[in-house]
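Colleague: I'm new to this one, could you walk me through a couple of its strands?
Modeller: Gladly, let's look at it together.

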Amino acid sequence: MKKILLIGKLNNVVEETNKFLSQYFHVQLCSENTDVLEGMLKIVNPDLVLISMIDAHDMDTSIFAMLNDRYVQIPVLTIGTKVEIHPLLSYYENSQFENLLRPAENTAILDAVCAKLELDRQEVEKDAAKEKGETDHKKRILVVDDNGTVLRTMKAMLEEYYEVAVAISGTQAMTSIGKKRPDLILLDYEMPVCDGKMTLEMIRADEDLKNIPVIFLTAINDRTNVEAVLKLKPAGYFLKPAAKDKLLAEIERVLNSVSD
């Protein structure tokens with residue numbers, strides 16, 4: 001499946017677009033903040049960037065300059081009205097950027113994405129059906145860490161065995177969980193703003209999510225830190241960097257204990 005980075009304010013339209021396109025592509029949600037976007041571009045390495053222009057009046061439009069300057073190889077499809085894209089018309093003068101007029105039906109968005117990626121829609125639908133049959137048998141792991149290098153390493157380590165989603169913050173993790181519930185979460189304990197403790201508290205505060213097993217990842221190996229982690233009663237914890245064989249064994253142990 002091709003990978004799409006979907007950028008825009010989280011609202012009903014973006015959520016619906018995300019849900020629909022996720023049937024055919026690997027879709028990762030991202031805010032329109034330039035620094036966050038650049039980090040996600042390096043982690044996800046998307047085949048296409050899709051931008052919802054709803055409420056574009058307060059969008060960080062420097063993302064267009066960044067995409068045009070440093071990621072010219074990635075096609076960009078925006079969904080917006082003529083008024084919303086008017087201040088950015090200069091970017092549409094080259095083939096990297098293209099706009100689909102809003103409002104747009106989901107089928108029209110799928111057609112536009114396929115056209116931008118030079119894909120045959122029927123083949124995309126066939127491949128999606130085949131992949132769904134394969135991934136339905138794989139457990140889903142969500143890896144949450146503010147370090148892009150760690151996310152890339154963990155994804156490469158696990159994706160042969162599991163369906164892997166990534167999030168670069170606690171807030172983004174909650175969005176990802178809302179999109180598709182994971183079977184297990186690997187959660188960085190030390191993160192800025194919304195750290196692992198706060199993220200775990202949000203998960204446990206939700207009746208539908210509280211039983212998802214969480215394995216903490218921590219880079220600090222001292223008694224005080226370990227005791228603080230264990231007080232939260234996670235399903236497990238690992239010191240970073242985690243050895244692949246040991247981490248896979250621990251994930252399998254936790255998943256088996258949940259299913260027993």
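Modeller: One term before we start: two strands count as paired if DSSP finds at least two bridges between them. Please also keep in mind that this is a predicted model.

Colleague: OK, then which residue in E7 is the bridge partner of isoleucine 141?
Modeller: That partner is valine 164, and the two strands involved, E6 (residues 140-144) and E7 (residues 163-167), pair in the parallel sense over 5 bridges. Between them the chain passes through helix H7 (residues 148-158), in a β-α-β crossover that is right-handed.

Colleague: And what does E6 pair with over 4 bridges?
Modeller: That is strand E8 (residues 184-188), again in the parallel sense, with leucine 187 of E8 as the bridge partner of valine 144.

Colleague: Why is E6 described as largely enclosed?
Modeller: Because 5 of its 5 residues are buried, E6 is largely enclosed by the rest of the structure. Arg140, Leu142 and Val144 lie on one side of E6, with Ile141 and Val143 on the other, and both faces are covered.

Colleague: Which residues stand opposite isoleucine 51?
Modeller: Isoleucine 7 stands opposite isoleucine 51, and strand E1 (residues 3-7) pairs with E3 in the parallel sense over 4 bridges. Threonine 78 in E4 also stands opposite isoleucine 51, where E3 and E4 (residues 76-80) run parallel, joined by 4 bridges. The chain goes from E3 to E4 through helix H3 (residues 62-70), and this β-α-β crossover is right-handed.

Note on methods:
Residues numbered from 1 in each chain as written. Predicted model: local features only at pLDDT ≥ 70, side-chain atom pairs only at ≥ 80, totals over all residues. Heavy atoms only, no water. Right-handed = clockwise from strand over helix to strand, strands pointing away. Buried < 20%, exposed > 50% of the residue type's maximum accessible area, 1.4 Å probe, protein only.
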